[in-house]
Amino acid sequence: MWKEFKEFIAQDNVINLAIGVILGGAFSKIVSSLVDDIFMPIIVSVTGAVDVSHLAITIGNTKLTYGNFLQAVINFLMIGFMLFLTVKGLQQMNAKRKVQEEVDEATVPTETELLTEILAELKKGH
């Protein structure tokens, strides 16, 4: 059982998943800071509203804090949008890199072309 567990943990996909989770947590903190420290103050200054998390309705003895839900939805939408922009930017960078690689491959002479050039140079020398 222990041997199977060690083999499972040592698989590439498990290690990649662990790395993805760790990086995702770090990236989440960066995006949360971006939302909380940059975007939310801008939204507050534009709309004139302060943090909406304090909004609530009291029904009898129960307090429904729908402001927390609204704040969570706003944070989710902003984080989702930032992730969208990040993924889109990475895709564009990858597309540019692939095009550059194709251009580089197209400009590299084949072995036959190199040998033909060498033979032409040798014939000029005689």
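I looked up the accessible surface first: the protein comes to about 10700 Å², of which 68% belongs to carbon and sulfur atoms. The areas come from the Shrake-Rupley method with a 1.4 Å probe, and for residues only the protein chains shown count as cover.

I noted that this is a predicted model, where local features need pLDDT of at least 70, side-chain atom pairs count only at pLDDT 80 or more, and totals for chains, interfaces and linings use all residues. Residues are numbered from 1 along each chain as its sequence is written, and side-chain values use heavy atoms, with hydrogens and water left out.

I checked burial next. Of the 126 residues, 7% count as buried (under 20% relative accessible area, 1.4 Å probe, protein chains only).

I then read off the secondary structure. The protein has 4 helices and 2 strands, as DSSP runs (helices H or I, at least four residues; strands E, at least two) numbered from the N terminus. Their order along the sequence is α-α-β-β-α-α. The radius of gyration is 29 Å, well over the 14 Å that the globule rule gives for 126 residues, so the protein is more spread out than a compact globule. That radius is taken over C-alpha atoms, and the rule is 2.2 Å times the number of residues to the power 0.38. I got a C-alpha span of about 105 × 55 × 20 Å along the principal axes.

Last, I looked at confidence. Mean pLDDT (the predictor's confidence in each residue, from 0 to 100) is 82, and 96% of residues reach 70 or more. Among the elements, helix H1 (residues 2-9) has the lowest mean, 80, and strand E1 (residues 57-59) the highest, 90.

Notes: Buried < 20%, exposed > 50% of the residue type's maximum accessible area, 1.4 Å probe, protein only.
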